[in-house]
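Trainee: I would like to go through this structure and ask what stands behind each label. Please set the values against the criteria.

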Amino acid sequence: MRKSMLFLGFLVFLGLALPGTQGKIIPRCEMVKILRQNGFQGFEGTTVADWMCLVKHESDYNTKAYNDNGPSRDYGIFQINSKYWCNDGKTSGSKNACKISCSKLQDDNLGDDIQCAKKIAREAHGLSPWYGWKNHCRGKDLSSFVRGC
């Protein structure tokens, strides 16, 4: 019993000592507002609903989201890839087209994430680089992602 209490105490301490390790989960309507304020509606033929569906399926609105793809990794709320768009110091031959450290895509400041995501969409003329959008959002009624916001 004493060991389990000590272990529980350690876990509580760890949770308090490592703030922000889970990232910020941005509430749905707050994310809609951020996208609207940053000119995503109509950007490269997309809608805010498209971007909301993308963010839901790529990161589940988590600013610290991370996905290992083997030779490269995806970072942040838009899941921006280290092979082409950011530099994580681990991905061989990274292009770093957004000229940003991948770690900057995992903080709660979305300004640089937005700039890079828009660069990707501009170069692709849409959202086709994101598999979350292609597999779950393309061609579907996405109105529920912005309803009530």
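Trainee: What does UniProt place at residues 98–116?

Mentor: The unreviewed UniProt entry puts the feature "domain: Glycosyl hydrolases family 22 (GH22)" there. Keep in mind that the model is predicted, and that such annotations may be inferred rather than shown by experiment. In the model, residues 98–116 are 32% helix and 0% strand. The end C-alpha atoms of that stretch are 6 Å apart.

Trainee: How many disulfides does a search of the whole structure find?

Mentor: Four. In sequence order of the bonded cysteines, the pairing is 1-8, 2-7, 3-5, 4-6.

Trainee: What makes Cys29 and Cys149 a disulfide?

Mentor: The cut-off is sulfur atoms within 2.5 Å. Cys29 and Cys149 have an S to S distance of 2.0 Å, so the pair meets the definition. The pair links distant parts of the chain, 120 residues apart: Cys29 is in helix α2, Cys149 in the segment after α5. The torsion about the S-S bond is -70 degrees, and the link of Cys29 and Cys149 is left-handed.

Trainee: Why are Cys29 and Cys149 called partly exposed?

Mentor: Partly exposed runs between the buried limit, under 20%, and the exposed limit, over 50%. Cys29 has 35% relative accessibility, so it counts as partly exposed. Cys149 has 31%, so it is partly exposed.

Trainee: How do you know that Cys53 and Cys137 are joined?

Mentor: Their S to S distance is 1.9 Å. The limit is 2.5 Å, so the pair counts as a disulfide. Helix α3 holds Cys53, while Cys137 is in the segment after α5, 84 residues apart. With -85 degrees about the S-S bond, this link of Cys53 and Cys137 is left-handed. Cys53 and Cys137 are buried.

Trainee: Why is the disulfide of Cys86 and Cys102 called right-handed?

Mentor: The torsion about its S-S bond is about 95 degrees, so the disulfide of Cys86 and Cys102 is right-handed. Both cysteines lie in the loop between β3 and α4, so the pair ties together parts 16 residues apart in sequence. The sulfur atoms of Cys86 and Cys102 are 2.0 Å apart. Cys86 and Cys102 are both buried.

Trainee: How do you know that the span of α4 agrees with its 14 residues?

Mentor: Take 1.5 Å times one less than the number of residues. For α4 that should give 20 Å, and the end C-alpha atoms are 20 Å apart, so the span agrees.

Trainee: Which residues of α4 are called buried?

Mentor: Asp112, Asp113, Ile114, Cys116, Ala117, Lys118, Ile120 and Ala121. The test is under 20% relative accessible area. Their cover includes α2, α3 and β3.

Trainee: What follows α4?

Mentor: His125 follows α4, with a positive phi near 55 degrees.

Trainee: How many helices and strands does the chain have?

Mentor: Five helices and three strands. From the N terminus the order is α-α-α-β-β-β-α-α.

Trainee: And what share of the 149 residues is buried?

Mentor: Buried residues make up 41%. The accessible surface of the chain is about 8,600 Å², and carbon and sulfur atoms account for 55% of that surface. Among contacts with a separation of 6 or more, 53% are between residues 24 or more positions apart.

Notes. Residues are numbered from 1 along each chain as its sequence is written. This is a predicted model: local features need pLDDT of at least 70, side-chain atom pairs count only at pLDDT 80 or more; totals for chains, interfaces and linings use all residues. Side-chain values use heavy atoms; hydrogens and water are left out. Helices (H or I, at least four residues) and strands (E, at least two) are DSSP runs, numbered from the N terminus. Buried means under 20% relative accessible area, exposed over 50%, partly exposed in between (1.4 Å probe, protein chains only). Contact means heavy atoms within 4.5 Å. Accessible areas come from the Shrake-Rupley method with a 1.4 Å probe; for residues, only the protein chains shown count as cover.
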